Amino acid sequence: MTQTDTQTPLLFTPIRLRGITARNRIMASPMCQYLSDDGAPQEWQLVNFGRFAMGGCGIVFTEETAVEARGRKTYHCAGIYHDSHIPAYRRITDFLRAQGAVPAIQLGHCGRRASQHGPLKDRATLTEADAQDNMKPWQGISPSPLPPTPDGAIPREMTLDDIRDTLAAWREAARRAVDAGYDLCEIHGAHGYLIHQFLSPLSNLRRDAYGGSLEGRMRYALEVAETVRAAWPADRPLFFRVSAIEGAGGVWGIEDTLALTRELKARGVDAIDCSSGGVGGDGPMPGVPRVPGFQAGYSREVRHATGLPTVAVGMISDAHHAEKLLRDGDADVIALARGLMDDPNWPLHAARTLGYAGALGLVQEREAQRLRLLEQHRADYPQGSAVAIPYGPQERVPYSWETGIARRG
């Protein structure tokens with residue numbers, strides 16, 4: 001990791017992982033868009049993810065991207081299961097890199113959370129009636145034939161052949177991601193998707209080598225990590241997203257996550273992205289309050305217990321808060337999702353808040369040139385100074401800072 005001086009905000013110091021260096025420690029977290037065409041990204045993705053790079057993020061993830069077609073939640077989820085997808089992603093990664101950001105992809109498989117509508121329809125399960133709209137339901141797969149919700153569709157229990165087939169899909173997706181121009185890959189092992197379904201005793205009731213004990217339930221996650229690491233270039237970092245604890249009614253806790261993380265580290269995973277939730281039931285665990293930095297404590301635990309770099313995410317919207325988390329050793333990278341939707345220029349604004357002298361270096365030079373002019377105008381006419389606005393060659397009207405206008409008469 002790059003050494004920093006005490007004068008530069010840590011949030012705006014580079015971070016190096018393997019052969020990749022991000023210009024700062026702000027990460028655009030993966031956010032599903034539900035606007036892909038048979039897995040392929042469209043104009044929306046180029047503009048949406050591009051604006052985060054233009055706003056100054058050091059790492060820009062696109063969205064959770066399915067490794068096979070049946071691993072999508074909806075018909076409109078992203079995927080990278082055909083070679084034909086590669087050029088569409090390459091267009092995005094080329095743009096992100098041109099704006100100074102590290103292009104990153106999160107690979108995933110939804111497992112039993114398949115065959116749904118998107119969030120605008122409350123993730124309702126597809127029915128035969130949807131087939132009229134070319135959205136015929138399909139059966140998801142999972143370690144055990146348990147529905148994701150009480151009224152959800154029952155998945156098919158995975159055979160050993162299914163496990164081998166999905167591992168091959170992870171490998172091919174990683175290969176395609178390289179060809180698509182991504183420099184960072186993350187395995188999605190959280191939020192109740194397939195890997196998490198294997199990890200949790202609430203969703204994994206298997207009696208073979210992929211179930212039972214913690215070691216058995218971790219086996220699939222570790223095999224995915226081994227598979228992707230082998231396919232992913234040795235000079236590029238591999239992240240793994242965990243649900244550090246499960247949601248309300250869950251049983252998986254931080255000690256389980258620490259055990260998993262140690263094994264992931266031994267298999268070449270470079271950083272842990274600390275999230276939470278996704279599997280619930282009748283367990284004793286309460287829900288997690290959504291307060292600023294609500295998952296940052298998990299990041300701290302993983303970082304201190306394993307020595308792996310971590311990502312803190314979860315309602316971190318104040319620049320001073322983000323900087324303190326880094327300075328206190330609670331995380332190595334700060335991720336924003338909805339915060340960037342609200343303010344795509346958050347990195348630029350955070351840099352100004354923290355007094356970072358290189359703030360305008362975060363944006364494209366043609367924008368920076370205009371913003372320098374804006375700053376100069378503000379310096380030339382300080383708040384409260386005497387200003388008169390010309391209305392003609394001989395007429396000057398006093399400007400009012402209180403009303404923000406120069407009125408005649």
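Reply:

**The nonpolar core and its surroundings**

In this predicted model, Tyr-220 is in contact with Ile-163, Thr-166, Leu-167, Trp-170, Leu-194, Ile-195, Phe-198 and Tyr-210, leaving aside residues up to four places away in sequence. Tyr-220 belongs to the largest nonpolar core, which has 53 residues. Together with Phe-240 and Leu-260, Tyr-220 is among the residues with the most contacts inside that core. Another core, of 36 residues, lies apart from this one and includes Phe-49, Ala-101, Leu-348 and Ala-368.

The strands come next. A barrel is closed by 8 strands, taken in the order S3-S4-S5-S8-S9-S10-S11-S12, with parallel pairing. From one strand to the next, the twist averages 30°. One of these pairings joins strand S11 (residues 310-313) to strand S12 (residues 333-336) in the parallel sense, over 3 bridges. Within it, Ala-312 stands opposite Ile-334 in S12.

Helix H6 (residues 254-266) lies across two strands, S9 (238-243) and S10 (271-275). Relative to S9, helix H6 runs at about 165°.

Two loop residues complete the account. Arg-123 is located in the loop between strand S5 (102-108) and strand S6 (141-142). Although Arg-123 is not a glycine, its phi is positive, at about 55°. Arg-123 has a relative accessible area of 33% and is therefore partly exposed. His-191 occupies the loop between strand S8 (184-189) and helix H4 (194-199). The phi of His-191, a residue other than glycine, is likewise positive, near 60°.

Definitions and conventions. Residues numbered from 1 in each chain as written. Predicted model: local features only at pLDDT ≥ 70, side-chain atom pairs only at ≥ 80, totals over all residues. Heavy atoms only, no water. Core = buried A, V, L, I, M, F, W, Y, C linked by side-chain atoms within 4.5 Å. Buried < 20%, exposed > 50% of the residue type's maximum accessible area, 1.4 Å probe, protein only. Contact = heavy atoms within 4.5 Å. Pairing = 2+ DSSP bridges. Helix = DSSP H or I, 4+ residues; strand = E, 2+ residues; numbered from the N terminus. Axes fitted to C-alpha atoms, helices over the stretch in contact; angles between N-to-C directions.
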